[in-house]
Amino acid sequence: MPVFYRLHKSPTPRKDGKVTPYHPRFVNQTTARMDKIVALVSGSSIYSETEVVGVLTALKKVIALELSDGRNVELEGFGTFTVSLKCPPFCDKNLIRTKDVEFRTVRMRVAADFKKRVRNHIDIKKAEDVPSDRLRLTQRRKILLEHIEEHQYITAKEYRLSTHLYKSAAARDLKRFINEGLIVKKGSRTGTFYMFPPHTPEG
């Protein structure tokens, strides 16, 4: 599934009279939520969904405690978490007291290896260049199967963008494919996605 972009003019007008440049802006297709991530990790490992949830919950707790104790947290190959602080905009540092300094947020600096992984797999396309012609059902079925084969799952929005269908038509297709036994529905509400059905032991 490609990453789509649209061009936007930079928000701040140039004061020198020159033309304001354009910049590409990522068009978000969907959000991979916790239940989807858990299902994907479980499906590509020996761990059950319950075990994956347990590890992620423990990891969240440990990272928060380490940051609260004044330490940065580095997950090798993933990124480094740090705490950001804030205080009132005094020009004289002698006016700043400890009580004025507060927690701002947690920041994450993504590791170079992680960015390289994303860069090596990303396929960028302009959103306006997506063709509007409709595909036959057999072609749409092939798109669905190839997408899940490569990415392990597909969302309704990803399927709709890949096949250029209206929302209602895409929903009918997905329901048809479920009835055919090609896919199963996982998650709920905005976290809904579709995967191949689990293999059942023979005999």
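## First stop: a paired strand

Select Leu7 and then look across to S2, where the bridge partner of Leu7 is Pro24. Strands here, like helices, are DSSP runs numbered from the N terminus, with at least two residues (E) for a strand and at least four (H or I) for a helix. Two strands are said to pair if DSSP finds at least two bridges between them.

Before going further, please note that this is a predicted model, in which local features need pLDDT of at least 70 and side-chain atom pairs count only at pLDDT 80 or more, while totals for chains, interfaces and linings use all residues. Residues are numbered from 1 along each chain as its sequence is written, and side-chain values use heavy atoms, with hydrogens and water left out.

Now extend the selection to residues 3–9, which form strand S1; five bridges join S1 to S2, and the two strands run antiparallel. Which strands make up the sheet around S1, and in what order? The order is S2-S1-S6, an open sheet of three strands with mixed pairing. Its edge strands, each pairing on one side only, are S2 (22–26) and S6 (124–126). From one strand to the next, the twist averages 45°; angles of this kind run from 0 to 180 degrees between N-to-C directions, with axes taken as lines fitted to C-alpha atoms, for helices over the stretch in contact.

## Second stop: a hairpin and its neighbour

Select residues 73–75 (strand S3) and 79–86 (strand S4), which pair in the antiparallel sense over three bridges. Within this pair, Val73 stands opposite Phe81 in S4. The two strands form a hairpin with three residues between them, and Gly77 in the turn has a positive phi of about 85°.

S4 and S5 pair in the antiparallel sense over eight bridges. To see one of these positions, select Gly79, whose bridge partner in S5 is Val110.

## Third stop: charged pairs

Side chains of opposite charge can pair when their charged atoms come close. A salt bridge is a side-chain nitrogen of Lys or Arg within 4 Å of a carboxyl oxygen of Asp or Glu. By this rule the model has seven salt bridges.

Select Glu66 and Arg71: they form a salt bridge whose closest N and O atoms are 2.7 Å apart.

Next, select Lys99 and Asp100, a salt bridge with its closest N and O atoms 3.5 Å apart. Lys99 is exposed at 69%, whereas Asp100 counts as buried at 16%.

Then select Asp173 and Arg140, where the closest N and O atoms of the salt bridge are 2.5 Å apart. Asp173 lies in helix H6 (residues 167–179) and Arg140 in helix H4 (residues 137–151), so the pair ties together parts that are 33 residues apart in sequence. Are these two residues buried or exposed? Asp173 is buried, with a relative accessible area of 4%, and Arg140 counts as buried at 13%.

## Fourth stop: the nonpolar core

A nonpolar core is a set of buried Ala, Val, Leu, Ile, Met, Phe, Trp, Tyr and Cys residues joined through side-chain atoms within 4.5 Å. The largest one has 11 residues, including Leu144, Ile148, Leu174 and Phe177. H4 and H6 each supply at least two residues of this core, and the largest share, four residues, comes from H6.

Select Leu174 by itself. Leaving aside its neighbours within four places in sequence, Leu174 is in contact (heavy atoms within 4.5 Å) with Leu144, Ala156, Tyr159, Ile183 and Tyr194.

## Last stop: the whole chain

Finally, display everything. The chain has six helices and eight strands, following the pattern β-β-α-α-β-β-β-α-β-α-α-α-β-β along the sequence. Of its 203 residues, 23% count as buried.

Key. Buried means under 20% relative accessible area, exposed over 50%, partly exposed in between (1.4 Å probe, protein chains only).
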